[in-house]
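Here is a short walk through the structure shown below.

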Amino acid sequence: MLITIDDAVTRLAGGDVVALPSETVYGLAGLALNEQAIAKIYALKGRPATNPLIVHVAHLQQAEELCYVNSQAKRVGEAYWPGPITLVLPKKKSVPGLVTAGNQTVAIRIPRHPVFLEVLTRLNQPLAAPSANPSNRTSPTEARHVEELFGKKCPPTVDGGKCAVGLESTVLDLSGDQPTILRPGLITRAQIQDCLQRQVGLFQDPSPDPPAKVGQTGRNQGAPSPGMGSVHYAPRTPLALYPTVEEFLISAKFKPGDLVIVADGKDATQLDAKGYLTTPLSTDGCPEEVAQNLYGVLIELDAKNAPSMHLIFTGAREGINRAIWDRLYRAETK
Ligand code: TXA
Ligand code: MG
């Protein structure tokens with residue numbers, strides 16, 4: 001069911017959960033300081049209680065009520081908030097352990113989407129919001145995809161159009177001595193290093209090439225980013241990845257009825273000429289465009305119940321493409 005901003009504010013204030021658009025992906029929002037609302041989020045997503053939620057705030061003062069905003073966090077926040085980066089910081093007592101899955105840190109973000117910001121401002125309370133998908137499925141980037149993913153259990157949703165970024169926020173742990181990226185996103189390691197004027201680690205990069213660079217971690221001993229399991233963002237249709245068109249053709253894994261996705265629309269010409277029916281993610285491989293379209297295409301093609309999907313992504317593993325590779329490796333059928 002689609003609802004208005006007014007309706008969303010009323011429902012949230014009453015302790016209910018609703019899906020809201022953010023600039024990254026749609027979020028399943030509930031009052032961050034209300035344990036019943038948080039429990040509803042975990043139940044609806046089928047999310048393990050060990051995987052903490054991101055708390056969204058309207059401004060820095062609100063963040064300071066929830067966590068210790070150190071000087072590095074102020075720098076990154078001033079440079080990129082409101083925007084697609086989440087900071088993991090030492091939490092204050094006000095934040096329920098249920099939100100942080102018992103961790104002494106809390107993940108905080110000021111989103112940029114005008115609808116999300118308006119709801120936050122009108123409520124004047126922080127909102128916990130994981131991506132609005134059942135646990136381990138692909139995140140929605142359009143209101144109708146929330147319904148596609150949840151079916152009859154779909155939460156009331158505010159339609160804020162198609163998300164501009166299309167991938168979840170960069171998660172940066174600033175709670176310890178070594179700044180570490182727990183989840184790559186649109187805001188890249190190079191940008192953060194520039195901003196902080198120091199080396200930033202990269203935790204648990206699943207892509208085999210170049211070798212994973214594992215940074216030291218902050219205060220979350222053992223499991224710095226509980227949500228970064230190796231199977232995630234997954235469509236139901238088996239998905240195979242190829243780094244070049246040639247590898248796709250040589251693999252000979254394509255069967256009649258399978259679907260082919262090309263990140264770079266220029267690769268479609270060659271494949272269409274050979275009789276494959278392809279869906280492009282961008283006209284010329286621009287990483288921002290690939291990121292914006294990736295989840296929507298996966299969700300829509302997944303609904304066709306084809307035997308398999310094949311995705312060709314030739315982007316180098318750097319910058320924004322690193323975040324795309326990260327999601328693709330996790331979405332790939334192992
Ligand atoms: O773009 C986004 O971040 C979206 C929008 C709605 O804001 N939200 C989102 O939430 O992607 P979610 O719950 O799907 O992903 C949150 C990630 C998970 O990998 C989780 O483990 C990690 O952030 N996280 C949350 N709190 C943490 C903490 N205290 N320490 C380390 N990682 C944390
Ligand atoms: Mg998620």
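**Where the domains meet**

Between them, domain 1 and domain 2 bury about 1,200 Å², and 57% of that area is on carbon and sulfur atoms. Buried area here is the accessible area (1.4 Å probe) that two parts lose on being put together, summed over both. This is a predicted model, in which local features need pLDDT of at least 70, side-chain atom pairs count only at pLDDT 80 or more, and totals for chains, interfaces and linings use all residues. Residues are numbered from 1 along each chain as its sequence is written, and side-chain values use heavy atoms, with hydrogens and water left out.

Domain 1 covers 5–168 and domain 2 covers 239–331; the bounds come from an automatic or database domain assignment. Their C-alpha centres lie 29 Å apart. The contact (heavy atoms within 4.5 Å) takes 18 residues from domain 1 and 14 residues from domain 2.

Arg144 forms a salt bridge with Glu300. Their closest N and O atoms are 3.0 Å apart.

**A set of rings**

The whole structure holds seven aromatic pairs. Rings of Phe, Tyr and Trp (its six-membered ring) pair if their centres lie within 6.5 Å; planes under 30 degrees apart count as stacked, over 60 as edge-to-face and the rest as tilted. Phe248 and Phe254 have ring centres 6.3 Å apart and planes at 85 degrees, so they pair edge-to-face. Phe248 also pairs edge-to-face with Tyr276, because their planes stand at 65 degrees, with centres 5.2 Å apart.

Is Phe248 buried or exposed? Phe248 is buried, at a relative accessible area of 2%. Phe254 is partly exposed, at 27%. Buried means under 20% relative accessible area, exposed over 50%, and partly exposed in between (1.4 Å probe, protein chains only).

How values were computed. Chains are lettered from A and ligands numbered from 1 in the order in which they are written. A salt bridge is a side-chain nitrogen of Lys or Arg within 4 Å of a carboxyl oxygen of Asp or Glu.
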